[in-house]
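The questions ask for the grounds behind a label, and the answers set a value against its cut-off.

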Amino acid sequence: MVKCKYFLCLLIGLGLLPCGFAMRPVDSLHLPDSLKTVYETVVDGKEPDMESLIGLVEFLQRKREGYDYGILLKDFLLPMARESASSYYKAYSYYLAGVYFMQKDDFEEALLYYTQALDACQPGKEDMRLKTLEIKLYFAIGAYWYSLGDLQKALESNEMARALNREAGDSVFDAYAMNNTALVYLALNENEVALPLFAKNLDRMSILPPDVYPLTLTNMAICYIGLGKVDSALPLLSESLSRARKSEGNYRLSNTYYYMGKAYALKGDNVLAMQYLEKGVSVSRRFDEWEVRVRIWMEGADILKKEGRYEQALALVDSALSAATLANNLPLQMAAMGMKSALNDCLGNVGMAYASLKQYLDLVKRTNMEENERQARRQLLQSEFELARQRMDFEYKNRELEMRNRMNRYVYGFVICSLVLVFGILVLLFYYQKKKVEQKNQLLEEKALKDKLELKEKELVNEVMLRMSKDEVLKSTIKDWLVAGMPCRKRSVLPCLL
């Protein structure tokens, strides 16, 4: 019995070990009290409230301090999202999962969850939270295509986000969308299009994080450098450096130093250019930025090559090649190997130049193979995304058609009700007019009958008066006749008879 208890405790401990291991670093992040409660609930093996768990995952995602919250996401949030009846919680959970896999460079999983998030957004488009989330999703999808190098798709996604944001009217989203769109144009080397977008966004920097302002200045300077206007780029880079130094831990500072050195190199001031490039190397070492460091070394090697200092340039190229190999960046390795071959050729090392050229050609083949594989995967992802978009468009059109039919039914019903009402009013008016005419005719008939009665009464009175007059005359005549025809002794009796 005792052994069974120990065995059970061991199983429970092993079951909670992943959660405990995942949560152990959370104490160092200084979680708010509400999120600490969620953290303790998860550690105890209980199911937390979904809204609170989303808040915890979002908080850890913003921190970006090396904490892997994937266990929280995969074992708790996503299973709860699949069973949730709320479209918003479901869509937002999928969105957080897509961002997580983007940070892990797992682009297939990221696109899968972004697509599921867009699907979940469709049924409740009247909810303002879902509209805002859909804008975020198109931002994220734009970043996804940008990471894969499909700049046209990234541009379309950013433009879609801006179009959706015109209805929402969120100035922060619009500023981010304009900045992302300008970055895509910058990557496409369309500097004339990107420059006014960056310049317009400078007026709205108060609503963006502080480190975005120096980055925007640097991007504007890059546009000027691309357009050959180095004198216009230098003041912007100087202001960017002064602002970036005030923001401690700004990892974009090394990139600004790189372009400062590049600008001075284009002006022909190689001394200042090398000074800024050296500062960029020191900053990149502090933030462990391998790719920026490789580009700085390559720029320095190019400056030294122009001055004829081939051996020093070759040392920088070797450092750049080592850093590019550690970063596993084939394009940078290929560029460094090509420059190494050219420098060995300048030094007269024909054998080393040939070996470097051969390695360069091997890297080109490998790059082409990887690019073909990447292109095939990109096309597959694009087809999956397009299918999801078509499905969403189909559902949206069906819903729009249903809404239009419902609206048509409402309109038809309103028209029919209006016609019935008008017909009823006309019937009532007709009935009222008819009653009015009938009452008028009745009054006329009553008046005519009254006049006729009055006339009959007058005739009757006249006839009575005439008869009375005749009777009087008759009586008078009889009296006179009797008086004239009787003897005198009987005349005294006559009044009695009469």
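What follows is a series of questions and answers on this predicted model.

Q: What makes up the secondary structure of the protein chain, in helices and strands?
A: The protein chain has 19 helices and 0 strands. Of its 498 residues, 38% count as buried, and among the contacts between residues at least 6 apart in sequence, 55% join residues at least 24 apart.

Q: Why are α13 and α14 called roughly antiparallel?
A: Helix α13, residues 253-267, and helix α14, residues 270-286, pack at an angle of about 165°, with their axes 8 Å apart. Angles over 145 degrees count as roughly antiparallel, and the two helices are therefore placed in that class. As to handedness, α13 passes α14 in a left-handed crossing.

Q: Which residues make the contact between α13 and α14?
A: From α13 the contact includes Leu253, Tyr257, Tyr258, Met260 and Tyr264, among others, while the residues on the α14 side include Leu272, Ala273, Tyr276, Leu277, Lys279 and Val283. Sorted by type, the residues of this contact of α13 with α14 divide into 11 nonpolar, 5 polar and 1 charged.

Q: Why does Arg252 count as buried?
A: The relative accessibility of Arg252 is 19%, and the cut-off for buried is under 20%, so Arg252 counts as buried. Arg252 has its place in the loop between α12 (230-246) and α13. Arg252 and Leu215, although 37 residues apart in sequence, are 7.0 Å apart in space when taken from C-alpha to C-alpha.

Q: Why is Val193 called partly exposed?
A: Val193, which is found in helix α10 (residues 191-202), has a relative accessibility of 35%. Buried requires a value under 20% and exposed a value over 50%, with partly exposed in between, so Val193 counts as partly exposed. The C-alpha atoms of Val193 and Cys223 are separated by 9.3 Å, the two residues being 30 apart along the chain.

Q: How do you know where the feature "transmembrane region" is placed, and what is the span made of in this model?
A: The placement comes from UniProt, where an unreviewed entry puts the feature "transmembrane region" at residues 410-432; such annotations may be inferred rather than shown by experiment. In the model, the span of residues 410-432 is 100% helix and 0% strand, and its end C-alpha atoms lie 32 Å apart.

Key:
Residues are numbered from 1 along each chain as its sequence is written. This is a predicted model: local features need pLDDT of at least 70, side-chain atom pairs count only at pLDDT 80 or more; totals for chains, interfaces and linings use all residues. Side-chain values use heavy atoms; hydrogens and water are left out. Axes are lines fitted to C-alpha atoms, for helices over the stretch in contact, and angles run from 0 to 180 degrees between N-to-C directions. Helices (H or I, at least four residues) and strands (E, at least two) are DSSP runs, numbered from the N terminus. Angles under 35 degrees count as roughly parallel, over 145 as roughly antiparallel, 65 to 115 as roughly perpendicular and the rest as oblique. A crossing is left-handed if the near helix is turned anticlockwise from the far one by less than a right angle, and right-handed if clockwise. Contact means heavy atoms within 4.5 Å. Ala, Val, Leu, Ile, Met, Phe, Trp, Tyr, Cys and Pro count as nonpolar, Asp, Glu, Lys and Arg as charged, and the others, Gly among them, as polar. Buried means under 20% relative accessible area, exposed over 50%, partly exposed in between (1.4 Å probe, protein chains only).
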